[in-house]
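Hello,

Here is the structure we talked about. Please have it open while you read the notes below.

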Amino acid sequence: MHYQDKIKKKDSSTQEARQGVIDFGAFDDEPQALQEQPTPATHNTGKSPFAGFRYISIGSGSSGNCAYLGNENGGFIVDAGVEVPKVLNALKANGIEQSMIKGIIVTHDHSDHVRYVYTLLRTLKTVRLYCTPRVLNGLLRRHNISRRTKEYHDNIFKEIPFRLAGMSITAFETSHDASDNMGFDIDLNGSHFVVATDMGEINERAQYYMQRANYLVIETDYDTEMLRQNPNYPEYLKARIKGAKGHLDNETSAQFVAQNYHPGLKNVFLCHLSEHNNTPELAVGTMTRALQAKGLSVGNGSNEPSQRTCDIQVYALPRTEPSLFFIL
Ligand SMILES: [Zn+2]
Ligand SMILES: [Zn+2]
């Protein structure tokens, strides 16, 4: 599939998310001060003075996905595919105590995203799992995940925002081959953090949310040439990865971000890099060149003084190690 075929043409029916917010208030100790702050006048005009996402990835890719997204008071886990002690140790090392974790959301029911969800729920005790009914049913069918997971479950639905840990989360449809598949747009006082992983093509709804991101986690699973030349992958598996319900390659993601760049987009996190069909250097290099071709200066996300002034930061999430801890 050529990269242009993986970015779906938009029709005229692009719509805002449905109005109305489900508030999981019982599990959300949002302080009053946050609610009273004025909303910034415009979206995507750069860093809001009230922003303040905290982000760390603990694992990214087919061996296990897990990240934490929060604000200064607390946050939630996105995907539960990494061993629980490793997750909690990485968070504690960065000042995130267990009590600050207010919930778990999952993108889809493939095991690299849900393998440890029940263990994590049991460990955290008081938090809930927020996912669609189809994701829950999909993960309950897995023999290695306890059916008691459903005792911790609250339903969410695509395109209907819900509040958790002081943030508004909207799930959107993605093109992938699990029971149900979604990305997330997380709104903190008008700043948008968008998680877009595991998708064979960028469908219209995903484009809508990804285009307004200030901080974007985007899949760069494989380098097309490395995948083509890999002698250890059978053709059917290569076809599944490249297919419309498989994964995104470096070039497709790079072209998408370059074509949709706006000055409010500050950080691009490359996720779900294949161990065998990609390298961080290739993924970052492809994205960097596409952005530089637009005349943009590209930093490495390190927050060093020489990098901080760049137009945009590009950083590949490590596959099996915790990433840097980002305060955005
Ligand atoms: Zn995955
Ligand atoms: Zn998947």
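A residue is called buried if 20 or more other C-beta atoms lie within 10 Å of its own, exposed if 12 or fewer do, and partly exposed in between, with C-beta atoms placed from the backbone. Helices (H or I, at least four residues) and strands (E, at least two) are DSSP runs, numbered from the N terminus. By these rules, strand E4 (residues 75–80) is mostly covered, with six of its six residues buried.

Some ground rules. This is a predicted model, in which local features need pLDDT of at least 70 and side-chain atom pairs count only at pLDDT 80 or more, while totals for chains, interfaces and linings use all residues. Residues are numbered from 1 along each chain as its sequence is written, and chains are lettered from A and ligands numbered from 1 in the order in which they are written.

**Confidence**

pLDDT is the predictor's confidence in each residue, from 0 to 100. The protein chain averages 90. A score of at least 70 is reached by 87% of the residues. Where pLDDT is low, the predicted coordinates should not be read in detail.

**Overview**

The protein chain has eleven helices and 16 strands. Of its 328 residues, 48% count as buried. Two residues are in contact if their C-beta atoms, placed from the backbone, lie within 7 Å. Take the contacts between residues at least 6 apart in sequence: 69% of them join residues at least 24 apart.

**E4 and its partners**

Two strands pair if DSSP finds at least two bridges between them. E4 pairs with strand E3 (residues 66–70) in the antiparallel sense, over five bridges. Cysteine 66 has alanine 80, in E4, as its bridge partner. A hairpin of four residues joins E3 to E4.

E4 also pairs with strand E5 (residues 101–105), in the parallel sense and over three bridges. Here glycine 75 has isoleucine 101, in E5, as its bridge partner. From E4 the chain crosses through helix H2 (residues 84–93) to E5, and this β-α-β crossover is right-handed. That term applies if, with the strands pointing away from the viewer, the path from the first strand over the helix to the second runs clockwise.

**Helix H2**

Which residues of H2 are buried? They are Val87, Ala90 and Leu91. These residues cover an arc of only 95° around the axis, so they sit on the same side of H2. The arc is that of the directions from the helix axis to the C-beta atoms. Pro85, Lys92 and Ala93 are exposed on the other side of H2. The cover over the buried residues includes strand E2 (54–59) and E3. Just after H2, glycine 95 takes a positive phi of about 85°.

**The core**

A nonpolar core is a set of buried Ala, Val, Leu, Ile, Met, Phe, Trp, Tyr and Cys residues joined through C-beta atoms within 7 Å. The largest one has 84 residues. Those with the most contacts inside it are Ile104, Val117, Leu216, Leu270 and Met287. Helix H10 (residues 280–292) gives this core its largest share, five residues. Leaving out residues up to four places away in sequence, isoleucine 104 touches Phe76, Ile77 and Ala80, among others.

Tyrosine 116 is in the loop between helix H3 (111–114) and helix H4 (117–124). With 24 C-beta neighbours inside 10 Å, tyrosine 116 counts as buried. Its C-alpha atom is separated by 5.3 Å from that of alanine 80, 36 residues apart along the chain.

Glutamate 159 is in the loop between strand E7 (153–155) and strand E8 (162–164). Phi of glutamate 159 is near 70°, a positive value in a residue other than glycine. With 15 C-beta neighbours inside 10 Å, glutamate 159 counts as partly exposed.

Asparagine 189 is in the loop between strand E10 (182–188) and strand E11 (191–196). Phi of asparagine 189 is near 50°, again positive in a residue other than glycine. Asparagine 189 counts as buried, with 20 C-beta neighbours inside 10 Å.

Best wishes
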